[in-house]
Amino acid sequence: GCFECCIKCLGGIPYASLIATILLYAGVALFCGCGHEALSGTVNILQTYFDVTRAAGDVIDVFTMIDIFKYVIYGVAAAFFVYGILLMVEGFFTTGAIKDLYGDFKITTCGRCVSAWFIMLTYIFMLAWLGVTAFTSLPVYMYFNLWTICRNATVVDGANLCLDLRQYGIVTIGEEKKVCTSSESFVKMCESNELNMTFHLFIVALAGAGAAVIAMVHYLMVLSANWAYVKDACRMQKYEDIKSKEEQELHDIHSTRSKERLNAYT
C-alpha cells in the first residue's frame with residue numbers, strides 16, 4: 001500500500017513545471033544576488049578610482065540610480081519567489097484535473113480562466129525579462145571595455161588609453177571623470193581584484209537573467225499545453241455527460257415499452 005501510494009504521488013507531480021520553477025529560482029537568485037554585489041562593487045570603483053562623489057541634495061545621480069536598482073532587485077526576488085509557487089500550484093491542480101478526469105473531480109470554467117490568465121501574465125514577464133537581459137548587458141559591455149584596456153595597457157607600449165565616464169552617461173558632460181593608462185589610479189584599479197570580481201559578477205547576473213527568460217518560455221509551453229489538455233478534458237466531460245444522458249433516456253424508453261408490452265399481454 002505504501003509503494004502504491006508513493007507511485008500515485010509521484011505520478012501527480014508536474015515535472016515540467018517543477019523543472020521550470022527550479023530554473024526560474026536559479027536564474028532569479030543569480031541575477032539578484034550577483035547583480036546586487038556587482039552594483040556595490042561599482043559604487044566602490046567609482047568612488048575609489050574615478051573620484052566620483054555623491055551629489056548633495058535631492059539630485060538624481062549615478063549613486064541614486066544604483067540605490068534604486070538595488071530596491072528593484074529586492075522586489076524582483078520577492079515577487080518571483082511568490083510567482084514560482086503560484087505556477088507550481090497551478091501545475092499540481094492541472095495535473096490532478098487531467099489525472100482525475102473520469103473521477104469525482106470536475107474541471108470548472110474558472111480553472112480554464114486561471115490558466116489563460118497565467119499564460120498572459122507569464123508572457124508579459126517573459127518580455128520584461130528580455131528587457132532586463134538587454135539592460136544587464138550594458139554594464140557587461142562597459143566592464144569588458146575597461147577590462148580590455150587593462151589587459152592591453154602592458155601590451156601596447158607608449159599608448160595612453162583612457163576611459164571617459166561621459167561616454168556612458170554616468171556623469172554629466174560638464175564633468176570630466178576619466179582614467180588613463182598613464183595614471184597611478186588606473187594601475188591600482190587593474191591590479192585590484194575588485195574590478196575583475198565586479199566584471200564577472202555582472203556576467204553571472206546576465207546569465208541569471210537569461211536563465212529566467214528560458215524559464216518563462218518553458219512556463220509558456222507548459223501552461224499552453226495544460227490549457228489545451230484542460231480544454232479537451234472539458235469537452236470530453238461534456239461528451240460523457242451527454243452520452244450518459246442519452247443512454248439513460250434510451251434505458252427509460254426501453255423500460256417504458258417493456259411495461260407497455262407486459263400490460264398489453266396481460
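The model is predicted, so local features need pLDDT of at least 70 and side-chain atom pairs count only at pLDDT 80 or more, while totals for chains, interfaces and linings use all residues. Residues are numbered from 1 along each chain as its sequence is written, and side-chain values use heavy atoms, with hydrogens and water left out.

**Stop 1: the disulfide**

Select C150 and C190. The two form a disulfide with their sulfur atoms 2.0 Å apart, where the term denotes a pair of cysteine sulfur atoms within 2.5 Å. The link is left-handed, with -70° about the S-S bond. It joins distant parts of the chain: C150 lies in helix α4 and C190 in helix α5 (residues 184-191), 40 residues apart. Helices here are DSSP runs (H or I, at least four residues), and strands likewise (E, at least two), numbered from the N terminus.

Colour the pair by accessibility. C150 counts as buried at 15% relative accessibility, whereas C190 counts as partly exposed at 26%. Buried means under 20% relative accessible area, exposed over 50%, and partly exposed in between (1.4 Å probe, protein chains only). A search of the whole structure finds 1 disulfide.

**Stop 2: C32 and C34**

Select C32 next. Its sulfur is 9.8 Å from the closest cysteine sulfur, in C34, which is too far for a bond. C32 is buried, at 7% relative accessibility. C34 is likewise in no disulfide, the nearest cysteine sulfur being that of C32, 9.8 Å away. C34 has a relative accessible area of 14% and is therefore buried.

**Stop 3**

Return to α5 and select E184 and K188. Their side chains meet in a salt bridge (3.4 Å, N to O), defined as a side-chain nitrogen of Lys or Arg within 4 Å of a carboxyl oxygen of Asp or Glu. The two residues are 4 apart in helix α5, so about one helical turn separates them. E184 is exposed, with a relative accessible area of 57%, and K188 is partly exposed at 47%. The structure holds 1 salt bridge.

**Stop 4**

Select α2. This helix has 35 residues and reaches 49 Å from its first C-alpha to its last, close to the 51 Å expected at 1.5 Å a residue; the expected span is 1.5 Å times one less than the number of residues. Just after α2 comes D51, placed in the loop between α2 and α3. Phi of D51 is near 55°, a positive value in a residue other than glycine. D51 is exposed, with a relative accessible area of 52%.

**Stop 5: the largest pocket**

Finish at the largest pocket, with a volume of about 880 Å³. Of the 33 residues that line it, L39, F69, F135, P139 and F202 are the closest to its centre. The elements giving two or more residues to the lining are α2 (15-49), α3 (62-99), α4 (109-153) and α6 (193-265). The largest share, 10 residues, comes from α4.

On a 1 Å grid over the protein atoms alone, a pocket is an open set of points where a 1.4 Å probe fits, with protein on both sides within 12 Å along at least five of seven lines; lining residues have an atom within 4 Å of a point. Grid points are joined across faces, edges and corners, and the volume is the space filled by probe spheres set on the points.

By class, the lining has 28 nonpolar, 4 polar and 1 charged residues. Nonpolar covers Ala, Val, Leu, Ile, Met, Phe, Trp, Tyr, Cys and Pro; charged covers Asp, Glu, Lys and Arg; the others, Gly among them, are polar.
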